Amino acid sequence: MSIRAAAREVFGFFFVLGRRSGRIRTFALLGLIPVALAVVVRIVLRGRTGDMAAVSTEILMVFFLQFYIVILALFYGTSVTAEEVENRTLAYLVTRPVPKPAIVLGKAAAYTALMLLLVGITLAASFFILNAARLGDPALYGEFLRYLGVLGLGLLAYTAFFTFLGTILKRAIILGLIFGFGWENVIQYFPGSTQRFSIVHYLKSLLPYRPGSGGGRGVALLLFRLEPTSPFLAVLALALISAVFLALACVLFRAKDYLPED
């Protein structure tokens with residue numbers, strides 16, 4: 001069986017399995033936070049569409065960009081290979097004609113699709129509640145798709161990186177927490193090219209808002225000191241990060257012999 005065909009089978013199996021798991025229900029409940037906040041803001045700031053647009057951007061950047069997609073990718077990404085070893089189910093997978101790289105690619109793709117579904121529903125609910133007064137504006141939907149695209153690229157890059165960590169480390173989630181909520185939150189405020197050693201830098205470079213632009217609609221708090229990369233280079237960097245770390249995870253998972261005591 002080819003890697004592509006095997007990866008499709010793995011994708012289908014784990015996508016269905018993932019939809020029924022308790023983990024997705026937990027993260028779905030977590031995703032209700034911005035929806036509830038959007039309802040409250042909509043009530044409090046009724047009729048003040050400018051304020052709502054600014055708040056919706058804040059929610060996107062604070063909750064979605066720097067918390068939700070990171071925590072999703074961390075738990076799903078590190079479990080792509082680690083859960084098969086810890087649950088001792090790897091032997092059942094490799095006894096079938098399924099190449100090891102197909103397990104990594106199929107599971108990572110299935111989990112990314114599940115995460116994107118969660119993020120898309122949560123983002124759509126909160127975004128359109130906050131911008132209910134602009135539902136007749138075609139530009140609003142382009143804005144939403146751009147946000148969703150940025151978050152989708154973020155999920156790909158973070159999931160690839162955390163999958164790689166889960167392949168080489170037994171306690172990858174600890175290092176992942178340090179990276180996702182330590183390094184990523186600190187390095188973005190460093191001046192110059194240092195910012196480019198973070199994933200979030202490239203995601204911020206793709207956002208439609210800039211500090212001081214659009215009549216004050218920019219988010220100065222989290223774009224503070226941002227020295228953006230051009231959109232083309234930002235997308236290229238995110239694609240390379242995703243491809244390189246997934247490839248490394250596949251190579252390492254294929255080469256490593258997992259003993260029963262592992």
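**Contacts, core and rings in a predicted helical model**

I69 touches F64, V119, L151, G154, L155, Y158 and L203, leaving out residues up to four places away in sequence; contact here means heavy atoms within 4.5 Å. The model is a predicted one, in which local features need pLDDT of at least 70 and side-chain atom pairs count only at pLDDT 80 or more, while totals for chains, interfaces and linings use all residues. Residues are numbered from 1 along each chain as its sequence is written, and side-chain values use heavy atoms, with hydrogens and water left out.

Buried means under 20% relative accessible area, exposed over 50%, and partly exposed in between (1.4 Å probe, protein chains only). Helices (H or I, at least four residues) and strands (E, at least two) are DSSP runs, numbered from the N terminus.

One of the partners of I69 is G154, which is found in helix α7 (residues 138-168). G154 has a relative accessible area of 0%, so this glycine is buried. Leaving aside neighbours within four places in sequence, G154 is in contact with I69 and L203. The C-alpha atoms of G154 and A73 are 8.9 Å apart in space, although 81 residues separate the two in sequence.

Helix α4 also holds T81, which counts as buried because its relative accessibility is 1%. A polar atom of the T81 side chain lies 3.3 Å from the backbone oxygen of G166. Beyond neighbours within four places in sequence, T81 is in contact with V104, T163, G166, T167 and F253.

Apart from neighbours within four places in sequence, A113 is in contact with F11 and F15. A113 and L155 are 42 residues apart along the chain, and their C-alpha atoms are separated by 9.4 Å.

Aromatic rings come next. A pair of aromatic rings is described by the distance of the centres and the angle of the planes. Rings of Phe, Tyr and Trp (its six-membered ring) pair if their centres lie within 6.5 Å; planes under 30 degrees apart count as stacked, over 60 as edge-to-face and the rest as tilted. By this rule the count comes to 21 aromatic pairs. The rings of F27 and Y76 have centres 5.8 Å apart and planes at 40°, so this pair is tilted. The pair links distant parts of the chain, with F27 in helix α2 (residues 22-30) and Y76 in helix α4, 49 residues apart. F27 counts as buried at 8% relative accessibility, and Y76 counts as buried at 1%. F164 and F245 form an aromatic pair that is tilted, at 5.3 Å centre to centre and 55° between the planes. This pair, too, links distant parts of the chain: F164 is in helix α7 and F245 in helix α10 (residues 231-255), 81 residues apart. F164 is buried, with a relative accessible area of 14%. Ring pairs link Y158, F161, F162, F164, F179 and F245 into a cluster.

The lengths of two helices can be set against an expected span, which is 1.5 Å times one less than the number of residues. The 25 residues of α10 should span 36 Å, and the end C-alpha atoms are 36 Å apart, which agrees. Among the buried residues of α10 are A234, L238, I241 and F253. Helix α8 has 15 residues and reaches 20 Å from its first C-alpha to its last, close to the 21 Å expected. A kink of about 30° in α8 is centred on F179; the bend at a residue is the angle between axes fitted to the seven residues ending there and the seven starting there. In α8, A172, G176, F179, G180 and E184 are buried.

Finally, Q195 lies in the loop between α8 (172-186) and α9 (199-204). Q195 is buried, with a relative accessible area of 0%. The side chain of Q195 makes a polar contact with the side chain of H201 (3.4 Å). A polar contact is a pair of N or O atoms within 3.5 Å; within protein, one must be able to donate a hydrogen and the other to accept it, and residues adjacent in sequence count only if both atoms are side-chain atoms. Not counting residues up to four places away in sequence, Q195 touches I187, Q188, F190, H201, R225, L226 and E227.
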